[in-house]
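The entries are in the order in which I made them.

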Amino acid sequence: MLNLAGNLPGHTLLLMEQSAAQTKSPAWQLEHSYTTLPSAFHQAAHPEAVAAPQLCCFNRPLARALGLPEESLAGAAGAGIFSGNTLPPGARPIAQAYAGHQFGHFTLLGDGRAILLGEQRTPEGELRDIQLKGAGRTPFSRRGDGRAALGPMLREYLISEAMHALGIPTTRSLAVVTTGESVLRDGANPGAILTRVSKSHLRIGTFEYAAAEGDPGDLRALADYTLARHYPELSEAPQPYAALLARFGADLAGLIARWQAVGFIHGVMNTDNMALSGETIDYGPCAFMDAYNPETVFSSIDHHGRYAYRKQAPIAQWNLARLAEALLPLLPGQRAAAIDCANQVIERFPKQYEEAWLGQMRTKLGLFEAKAEDAGLIDRLLACLQEARADYTNSFRLLSTLQIEDHPLAGNPTFAKWHGAWRLRLEAEAKPESTVQAQMDTANPAVIPRNHLVETSLQAASEAGDFGPFHSLLQVLTNPYQAEGVPDTYTKPPEPSERVYQTFCGT
Ligand code: AMP
Ligand code: MG
């Protein structure tokens, strides 16, 4: 089995990493563990040069955490590297092969416009994929141009960084460059490239690809690699592949519960957009809900509401089943026993999700103990918010004063009744008010990336070259649980005229 941490005893390794972190000056330290996988999983792919790259976003704290040379990357060197015009030292660019169920239909895909430069070994000794999205055609581009438009790349940068600040596992964004070239979508748009950073780009779709390809050795190599990279502690389990599936399912339940808790709608939960690392990945037509309505769908391509807010947990379970199917040849016993093992994991998911979600919602309500009646208490509040078309984020945030008069729904009799029951439940726990409030204020964001603000900031950048609104919004979103000093424009729900009903991937 592959050991990505090397063969040194844990203790020695830790000491070496610490001293390396202290002494090494920031530099590219690219490794290529993914290319140790059989050749079916990757193809060489070189970024295509662009005309006039300009750095318009650079994530300095992330560059620092990655151990990259922050100062030089913030200048002209960064524009060269993040556009793919110059390769950083040690880069060996490739495109990854994968498949996926897109809106329920199986397709062979692969990185059609994303190029992996390598895996940066961070000062903490971890590996992070460094990927250029929109860097030109690859062997998997099919009829696509391999490029990306500025609006969608800024959108991914903004929302992934907002998710990170909210404490939700996610890929990160290191940079966006404009290319000085146009891409044709609905007319000409400024072209751009996003540098995405992730724990890996292994997807459920990578396993589906291996299963479809039909070489049992390749599937096993992929599973071993995934274990080594993300779940090394499971490598020694009696049934490591079954353990991998079970752990992934449990983590996925937790991830979706966190999305639900902040009102995040991914929009395209195709199996190629589900990462084995447990990170949220691929921000296309994603959006945060303003008024609470579980039927909410934003994506312009989601005609049947497959990926609506209320469907995210069942769809995650459906996706988990696709992973389980792909892994069947590696699960213990003959086929019937393997199917039984897979089914157990899949059937556990709804309960795991329910528990994770209840945990999130209790925290949002300042509750510390689990009681059987909690689900009812939460459901009654949500029904009231839906009925009143109340803003999801603010309705929770404004609960933490504990005073009903401070709440926008104070005059609503259903809400008033609910508030009384909730206060009684809090009193029964007898925690100091300040403790309850502190917990609530770290679970209920004051600011989320509201669609109308996201859209106007992307428009200003794409249409007028004005990045001011984008950077101001990004700044506020990096501290989402902090309400003081945040201008109202960022916390107010949209006026009816400002409401965004549809989001576009725009690719
Ligand atoms: P996404 O919707 O970004 O998850 O992409 C789905 C698939 O389409 C992936 O295989 C992408 O690499 C591919 N793709 C998306 N946009 C393009 C493009 N402009 N050129 C080539 N391939 C693309
Ligand atoms: Mg994708």
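The entries below cover cavities, the metal site and selected residues.

**Ground rules.** I worked from a predicted model, in which local features need pLDDT of at least 70 and side-chain atom pairs count only at pLDDT 80 or more, while totals for chains, interfaces and linings use all residues. Residues are numbered from 1 along each chain as its sequence is written, chains are lettered from A and ligands numbered from 1 in the order in which they are written, and side-chain values use heavy atoms, with hydrogens and water left out.

**Cavities.** A cavity here is a set of points, on a 1 Å grid over the protein atoms alone, where a 1.4 Å probe fits but cannot get out, and lining residues have an atom within 4 Å of a point. Grid points are joined across faces, edges and corners, and a volume is the space filled by probe spheres set on the points. How many cavities of 30 Å³ or more are there? I count two.

The largest cavity has a volume of about 70 Å³. I listed its lining as Phe248, Asp251, Leu252, Leu255, Trp259, Asn273, Met274, Ala275, Gly278, Glu279, Thr280 and Ile281. For classes, I took Ala, Val, Leu, Ile, Met, Phe, Trp, Tyr, Cys and Pro as nonpolar, Asp, Glu, Lys and Arg as charged, and the others, Gly among them, as polar. That puts seven nonpolar, three polar and two charged residues around the largest cavity.

The second largest cavity comes to about 40 Å³. Its lining consists of Ala261, Val262, Lys364, Tyr392, Thr393, Phe396, Asn444 and Pro445. Helix H8 (240-262) and helix H12 (392-397) are the elements that give two or more residues to this lining; helices (H or I, at least four residues) and strands (E, at least two) are DSSP runs, numbered from the N terminus. H12 gives the most, with three residues. By class I noted five nonpolar, two polar and one charged.

**Metal site.** Which residues coordinate the magnesium ion (ligand 2)? I found Asn273 (OD1) and Asp282 (OD), at 1.9 to 2.2 Å. Donors are N, O and S atoms within 2.8 Å of the metal (3.2 Å for Na, K and Ca), and water is not among the atoms, so the site may look incomplete. Asparagine 273 and aspartate 282 are both buried, where buried means under 20% relative accessible area, exposed over 50% and partly exposed in between (1.4 Å probe, protein chains only). Asparagine 273 is also on my list for the lining of the largest cavity.

**Positive phi.** Most residues other than glycine have a negative phi. Aspartate 282 is not a glycine, yet has a positive phi of about 70 degrees. I placed aspartate 282 in the loop between strand E12 (264-265) and strand E13 (287-288). Aspartate 282 counts as buried because its relative accessibility is 16%. Leucine 402, also not a glycine, has a positive phi of about 70 degrees. Leucine 402 sits in the loop between H12 and helix H13 (413-429), and counts as buried at 3% relative accessibility.

**Glutamine 120.** Glutamine 120 is in strand E7 (residues 114-121). Is glutamine 120 buried or exposed? I wrote it down as buried, because its relative accessible area is 0%. A polar atom of its side chain lies 2.8 Å from the backbone nitrogen of glutamine 29. Leaving out residues up to four places away in sequence, glutamine 120 touches, among others, Trp28, Leu66, Gly67 and Arg128; contact means heavy atoms within 4.5 Å.

**Aspartate 129.** Aspartate 129 belongs to strand E8 (residues 127-133) and is buried at 1% relative accessibility. Its side chain and that of histidine 201 are joined by a polar contact of 2.8 Å. A polar contact is a pair of N or O atoms within 3.5 Å; within protein, one must be able to donate a hydrogen and the other to accept it, and residues adjacent in sequence count only if both atoms are side-chain atoms. Beyond four places in sequence, the contacts of aspartate 129 include Gln96, Arg196, His201 and Arg229.

**Leucine 37.** I found leucine 37 in the loop between E1 and strand E2 (42-44), buried with a relative accessible area of 5%.

How values were computed:
On a 1 Å grid over the protein atoms alone, a cavity is a set of points where a 1.4 Å probe fits but cannot get out, and a pocket is an open set with protein on both sides within 12 Å along at least five of seven lines; lining residues have an atom within 4 Å of a point.
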